[in-house]
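Me: I want to learn how to read helix packing and ring pairs in a model. Can you take me through one?

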Amino acid sequence: MKNEPIALERDPEDPDDFDVSVEGLDRARRSRLVRTARTTLGLSQAEFASRFHVPLGTLRDWEQARVTVPDYAVAYVRVIIRDPDFVASIVA
């Protein structure tokens, strides 16, 4: 890991654990927001991607925290959480 500030230190008792940087923790929180929104709606990744016009590969990358969910997408997901039917009707 680079010289990034550590948000969570690894558990020395767990050989599989690792330090988590501030950036890594932020990426994980954003990822969880997207996944929670989708699962709360009871949609598969493919259904969510289709309904809200998000590329399926992008959604997978976000949910698996391979990339950081951009600020605009966090805002979009928060709007989806508030009124998913309205958002779906607007983007249809």
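**Helix packing and a ring pair**

Reply: At 1% relative accessibility, Phe52 is buried (under 20% relative accessible area; exposed is over 50%, partly exposed in between; 1.4 Å probe, protein chains only). This is a predicted model: local features need pLDDT of at least 70, side-chain atom pairs count only at pLDDT 80 or more, and totals for chains, interfaces and linings use all residues. Residues are numbered from 1 along each chain as its sequence is written, and side-chain values use heavy atoms, leaving out hydrogens and water.

Me: Which rings form the aromatic pair, and how are their planes set?

Reply: Rings of Phe, Tyr and Trp (its six-membered ring) pair if their centres lie within 6.5 Å; planes under 30 degrees apart are stacked, over 60 edge-to-face, the rest tilted. The structure holds one such pair. The centres of Phe48 and Phe52 are 4.9 Å apart and the planes at 55°, so the pair is tilted. Phe48 is also buried, at 1% relative accessibility.

Me: How do I describe two packed helices?

Reply: Use the angle between their axes and the distance between the axes. Helices are DSSP runs (H or I, at least four residues), numbered from the N terminus. Axes are lines fitted to C-alpha atoms over the stretch in contact, with angles from 0 to 180 degrees between N-to-C directions. Here the axes of α1 and α4 come within 10 Å and cross at roughly 30°. The two helices are therefore roughly parallel (under 35 degrees).

Me: Which residues of α1 and α4 make the contact?

Reply: With contact meaning heavy atoms within 4.5 Å, α1 uses Arg30, Leu33, Val34 and Ala37. α4 uses Asp71, Val74, Val77, Arg78 and Ile81.

Methods. Parallel < 35°, antiparallel > 145°, perpendicular 65-115°, else oblique.
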